[in-house]
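Please look over the sequence and the model before turning to the points below.

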Amino acid sequence: MPLNALALLHQSRTRPADALLSNGSMPFMSESAGDKLERLLGIMRTLRGPDGCPWDREQTLASLRPFVLEETYEVLEAIESGTPADLCEELGDFLFEAVFLSQISEEQGQFSIGDAIDAISDKLVRRHPHVFEREADRPALTSGEVIEKWETLKARERATASTSPKRKTTLSGVPATLPSLLRAFEISSRAAAVGFDWVSPGDVMAKIEEEVAELRHEVSSGATGDLSRAEEEMGDLLFSIVNLSRKLGIEPEAALRRANHKFTTRFEAMEEAALHAGHPLSDFTLDELEVRWKSAKISTAPDKA
């Protein structure tokens with residue numbers, strides 16, 4: 001790295017450039033979160049500058065998409081199975097992606113990281129009138145009432161938005177790139193926010209039973225595989241299950257991740273036990289595998305870990 005870039009990087013590791021005294025010395029004061037953000041912004045500008053990193057200079061909004069997605073999932077993994085140190089590191093990586101995207105957008109004359117911070121700050125205040133506009137004698141809302149009000153406010157904003165050439169609809173803001181399970185959850189949540197919802201979880205259970213019956217009919221008739229009626233009915237069943245999850249206050253993506261982890265842990269324990277016995281799993285009959293599976297469930301139970 002060129003000498004001037006090293007000097008800027010060293011400066012950004014201590015204090016922002018405008019925090020230096022006129023004689024070049026540094027005032028004695030602790031760094032705030034804002035100071036540390038300025039340091040990160042300085043590093044980002046250096047990396048994207050003429051004497052910066054060729055790879056960083058070549059990146060575009062489109063090229064950063066897979067890295068944003070990767071960092072998102074690494075944050076989720078740190079939340080579920082990592083240490084506080086892991087989460088701290090992954091949140092730093094996640095923040096860097098936001099700074100990277102904002103830097104590119106600023107270079108293109110679109111917006112800066114400050115604009116993005118203003119946007120989320122304004123939105124949070126706007127969507128929390130029960131906090132920032134609540135009268136002293138008004139009782140506080142419950143968590144459920146807060147969620148209901150939040151969704152209602154979002155729906156109202158989408159309905160009245162007129163700054164875009166194409167008017168926003170209730171579902172238009174749900175990213176098509178979301179994993180299908182998450183997208184189904186968001187779609188159903190937005191529909192529910194405008195009143196299109198089942199009354200109770202029991203109503204959704206009845207719908208699930210209806211979808212299972214329809215899927216069973218298609219399977220028994222031999223309609224399997226992609227683009228078949230069975231595929232359509234399977235989609236309807238999965239969508240109904242997502243709605244039940246929402247009605248129960250369960251985030252389906254998180255629930256499925258935990259189920260995946262539980263199955264993987266048990267299956268690998270079963271496989272390891274089989275290999276210790278000198279056989280691959282393929283040597284066993286289905287009944288024998290079922291016995292080993294039950295044993296793996298016991299050995300991997302939380303109180304056995």
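The points that follow are grouped by topic, from the chain as a whole to particular residues.

The structure is a predicted model. Its chain has 305 residues, of which 26% count as buried. The chain contains 13 helices and 0 strands.

**The chain as a whole**

- Read along the sequence, the pattern of the chain is α-α-α-α-α-α-α-α-α-α-α-α-α.
- When contacts between residues at least 6 apart in sequence are considered, 52% of them join residues at least 24 apart.
- The whole structure holds 11 salt bridges, and several of these are described below.

**The packing of helices H10 and H11**

- Two packed helices are described by the angle between their axes and the distance between the axes.
- Helix H10 covers residues 201-220 and helix H11 covers residues 229-247; the two pack at an angle of about 165 degrees, and their axes are 9 Å apart.
- Because angles over 145 degrees count as roughly antiparallel, H10 and H11 are roughly antiparallel to each other.
- The crossing of these two helices, H10 and H11, is left-handed.
- On the H10 side, the residues making the contact include Pro201, Val204, Met205, Ile208, Val212, Leu215 and Glu218. On the H11 side, they include Arg229, Ala230, Glu233, Met234, Leu237, Ile241 and Leu244.
- By type, the residues of the contact between H10 and H11 comprise 11 nonpolar, 2 polar and 8 charged.

- A salt bridge joins the side chains of Arg229 and Glu218, with an N to O distance of 3.8 Å. This pair links distant parts of the chain, since Arg229 belongs to helix H11 and Glu218 to helix H10, 11 residues apart.
- Glu233 and Arg229 are 4 residues apart in helix H11, so about one helical turn separates them.
- Glu233 is buried, and its relative accessible area is 3%.
- A network of salt bridges links Glu218, Arg229, Glu232 and Glu233.

- The side chains of Glu107 and Arg48 form a salt bridge, at 2.5 Å from N to O.
- Glu107 is partly exposed, with a relative accessible area of 40%, while Arg48 is buried, with a relative accessible area of 13%.

**Thr46 in helix H2**

- Thr46 is also found in helix H2.
- The relative accessible area of Thr46 is 12%, and this residue is therefore buried, as buried means under 20%.
- Thr46 and Asp56 are 10 residues apart along the chain, and their C-alpha atoms are separated by 9.7 Å.

Notes: Residues are numbered from 1 along each chain as its sequence is written. This is a predicted model: local features need pLDDT of at least 70, side-chain atom pairs count only at pLDDT 80 or more; totals for chains, interfaces and linings use all residues. Side-chain values use heavy atoms; hydrogens and water are left out. Axes are lines fitted to C-alpha atoms, for helices over the stretch in contact, and angles run from 0 to 180 degrees between N-to-C directions. Angles under 35 degrees count as roughly parallel, over 145 as roughly antiparallel, 65 to 115 as roughly perpendicular and the rest as oblique. A crossing is left-handed if the near helix is turned anticlockwise from the far one by less than a right angle, and right-handed if clockwise. Contact means heavy atoms within 4.5 Å. Ala, Val, Leu, Ile, Met, Phe, Trp, Tyr, Cys and Pro count as nonpolar, Asp, Glu, Lys and Arg as charged, and the others, Gly among them, as polar. A salt bridge is a side-chain nitrogen of Lys or Arg within 4 Å of a carboxyl oxygen of Asp or Glu. Buried means under 20% relative accessible area, exposed over 50%, partly exposed in between (1.4 Å probe, protein chains only).
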